[in-house]
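User: Hi! Could you walk me through the packing in this one?
Analyst: Happy to, let's take a look together.

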Amino acid sequence: MGLDVLVISPCSGTKRFDAVIGPEEIDSRGRTELLREYPDAVTSAAEMYTGREHENIKSAVKQLSEVADIDWRIISAGFGVLSAGTEIPSYECTFSEIEQVRQRAERMNLDVDTMTNNELVAAVGREKNIPQDLRQIFAEGYDLVFVALGTKYLIAAQEALTSLPEETNALAFASNGSKEYIGDCYWIPATEEERGHFGTTWLELRGRELLSLAENVKNRRHLERLRVNPEEVQKLSTNVG
């Protein structure tokens, strides 16, 4: 019987094709319709994003697939929770630009004047079914969950992360400032100490840690031990040999 592992990562600003649509079109039209209209700017979610963090996570997923059954889900600010193989058109949309989030919330008829910036992100995330879809995914019963999301994307997912099934072993790579948003996940530090250790940027740190972990997992039994010894994840994720 295989080990079922879920990896959750964010979209990236850099993409394989130039953006052909923006937030307004994404929120007002269906994905299938957009795929038909822009066929020359379409590929799978796994191949669309080209940011360095995403590339690290893609490599980690490939590595972990050698010892476990991996399900990779990508949180898109535009399209919600995507399977790695889901086809999407190239777009420009993010949770990191709060004015863009505010404008989207206004078009969704949300009461933006009563909301903080974080509440706006969470509300738009709900409109895109992010926490709702994640709850359903978590309910499928994974043995181990790795969460590698930045602050705004954690906020969009937080309602699901704070209501994990009791038997779910979830670990989140997060900075000190993002720690409060990881819900029921075990915290794997992605702080200045780890960034300095790898000599990398904040944007790719979480992906680099997950890749380091994947490179240091020897076999399925080794990965299974991480379920009961999450402290070992922290060691493996910063071990560069």
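User: Which residues touch the most other members of the largest nonpolar core?
Analyst: Those are L134, F146 and L223, out of 78 residues in that core. Bear in mind that this is a predicted model.

User: And where does the largest share of this core come from?
Analyst: From α8, which supplies 7 residues.

User: Let's zoom in on L223. Which helix does L223 lie in?
Analyst: L223 is part of α11, the helix covering residues 220–228.

User: Is L223 buried or exposed?
Analyst: Buried, because its relative accessibility is 0%, and the cut-off for buried is under 20%.

User: What does L223 touch?
Analyst: Leaving out residues up to four places away in sequence, L223 has contacts with L3, V5, L64, V67, A68, L144, F146 and V217.

User: How far apart are the C-alpha atoms of L223 and W202?
Analyst: They are separated by 26 Å, with the two residues 21 apart along the chain.

User: Switching to helices: at what angle do α7 and α8 pack?
Analyst: At about 45°, with 8 Å between the axes of α7 (residues 130–138) and α8 (residues 151–161). That angle is why α7 counts as oblique to α8.

User: Is their crossing left-handed or right-handed?
Analyst: The crossing of α7 and α8 is right-handed.

User: Nice. Which residues meet there?
Analyst: On the α7 side, I130, P131, L134, R135 and F138; they meet A156, A157, E159, A160 and L161 of α8. By class, this contact has 8 nonpolar and 2 charged residues, with no polar ones.

Conventions
Residues are numbered from 1 along each chain as its sequence is written. This is a predicted model: local features need pLDDT of at least 70, side-chain atom pairs count only at pLDDT 80 or more; totals for chains, interfaces and linings use all residues. Side-chain values use heavy atoms; hydrogens and water are left out. Axes are lines fitted to C-alpha atoms, for helices over the stretch in contact, and angles run from 0 to 180 degrees between N-to-C directions. Helices (H or I, at least four residues) and strands (E, at least two) are DSSP runs, numbered from the N terminus. Angles under 35 degrees count as roughly parallel, over 145 as roughly antiparallel, 65 to 115 as roughly perpendicular and the rest as oblique. A crossing is left-handed if the near helix is turned anticlockwise from the far one by less than a right angle, and right-handed if clockwise. Contact means heavy atoms within 4.5 Å. Ala, Val, Leu, Ile, Met, Phe, Trp, Tyr, Cys and Pro count as nonpolar, Asp, Glu, Lys and Arg as charged, and the others, Gly among them, as polar. A nonpolar core is a set of buried Ala, Val, Leu, Ile, Met, Phe, Trp, Tyr and Cys residues joined through side-chain atoms within 4.5 Å. Buried means under 20% relative accessible area, exposed over 50%, partly exposed in between (1.4 Å probe, protein chains only).
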